[in-house]
Structure formats: C-alpha cells, structure tokens
Amino acid sequence: MRCVIARFPFDLFKSEVEQAMKGVKPEPVTGESVIIGRRHYPVKQVGEVITRQDRRDFSAQEVTRALTGLGFTCRAMPAPVAPEPAEPVWPTSVV
C-alpha cells in the first residue's frame with residue numbers, strides 16, 4: 001500500500017511491517033497503540049522503525065492511518081484515569 005508519512009511516500013506491506021517489528025521490544029504505551037502479532041506497540045515506535053525517521057518528524061495520526069489501511073488493529077489514546085476521591089479529613093480538636 002502506498003502512503004505518505006512526513007511528506008515522504010512509502011510502499012508498505014503488512015508482512016514487511018511484521019518482519020521489521022520482529023524482535024523489537026515494545027516500549028510502554030502512553031498514547032495511540034497498534035497490535036502487531038500479540039504485542040502492543042506505541043504507534044510512534046512503529047513509525048520510527050518502518051520509516052527510519054525521527055519520531056518528531058511525523059504524527060501518530062499519519063502512522064495510524066497507514067497501519068489501519070494495512071489491516072492492523074490500532075487503538076486510541078487511553079482515557080485518563082480520574083483519581084478516586086479521598087476520604088474527607090476532619091480537623092482534630094486539641095484539648
């Protein structure tokens with residue numbers, strides 16, 4: 001599939017992406033992610049490996065669009081978890 005990432009054209013194939021990510025240890029997922037094989041990778045990590053470009057040169061949306069087009073399952077950024085309300089603290093009286 002032909003796609004453009006960071007203004008550069010790439011011909012990507014699902015099997016080539018899987019092969020490129022084989023043996024690459026996934027970084028902790030803090031934003032958008034993609035499932036390749038049985039592993040969850042950050043989209044930016046995959047984009048860096050398959051394009052050989054710095055992560056700052058492309059957006060996660062560009063890579064997500066390309067990987068979705070290849071048939072990979074991409075997941076959006078996880079929703080922030082709100083902290084549970086703490087028990088109210090009542091002032092103690094000093095006698």
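Predicted model: local features only at pLDDT ≥ 70, side-chain atom pairs only at ≥ 80, totals over all residues.

User: What makes the pair Glu-27 and Arg-55 a salt bridge?

Analyst: The closest N and O atoms of Glu-27 and Arg-55 are 2.7 Å apart, and since the rule asks for a side-chain nitrogen of Lys or Arg within 4 Å of a carboxyl oxygen of Asp or Glu, the pair qualifies as a salt bridge. Glu-27 lies in the loop between helix 1 (14-21) and strand 3 (33-36), and Arg-55 in the loop between helix 2 (43-51) and helix 3 (60-70), so the pair ties together parts that are 28 residues apart in sequence.

User: Why is Arg-55 called partly exposed?

Analyst: The relative accessible area of Arg-55 is 23%, and because buried means under 20% and exposed over 50%, Arg-55 falls in between and is called partly exposed. By the same cut-offs, Glu-27 at 33% is partly exposed, and so is Glu-48 at 28%.

User: How do you know that Glu-27, Glu-48 and Arg-55 are linked in a network?

Analyst: Arg-55 forms a salt bridge with Glu-27, and the side chains of Glu-48 and Arg-55 meet in a salt bridge at 2.9 Å, N to O; Glu-27, Glu-48 and Arg-55 are therefore linked in a network of salt bridges.

User: Why is helix 2 called roughly perpendicular to helix 3?

Analyst: The axes of helix 2 and helix 3 come within 9 Å and cross at roughly 75°, and because angles of 65 to 115 degrees count as roughly perpendicular, helix 2 is given that description relative to helix 3. The contact is made by Val-43, Lys-44, Val-46 and Gly-47 of helix 2 and by Ala-60, Val-63, Thr-64 and Leu-67 of helix 3.

User: How many residues of each class does the contact of helix 2 with helix 3 have?

Analyst: By class, this contact has five nonpolar, two polar and one charged residues, with Gly counted among the polar ones.

How values were computed. Residues numbered from 1 in each chain as written. Heavy atoms only, no water. Helix = DSSP H or I, 4+ residues; strand = E, 2+ residues; numbered from the N terminus. Buried < 20%, exposed > 50% of the residue type's maximum accessible area, 1.4 Å probe, protein only. Axes fitted to C-alpha atoms, helices over the stretch in contact; angles between N-to-C directions. Parallel < 35°, antiparallel > 145°, perpendicular 65-115°, else oblique. Contact = heavy atoms within 4.5 Å.
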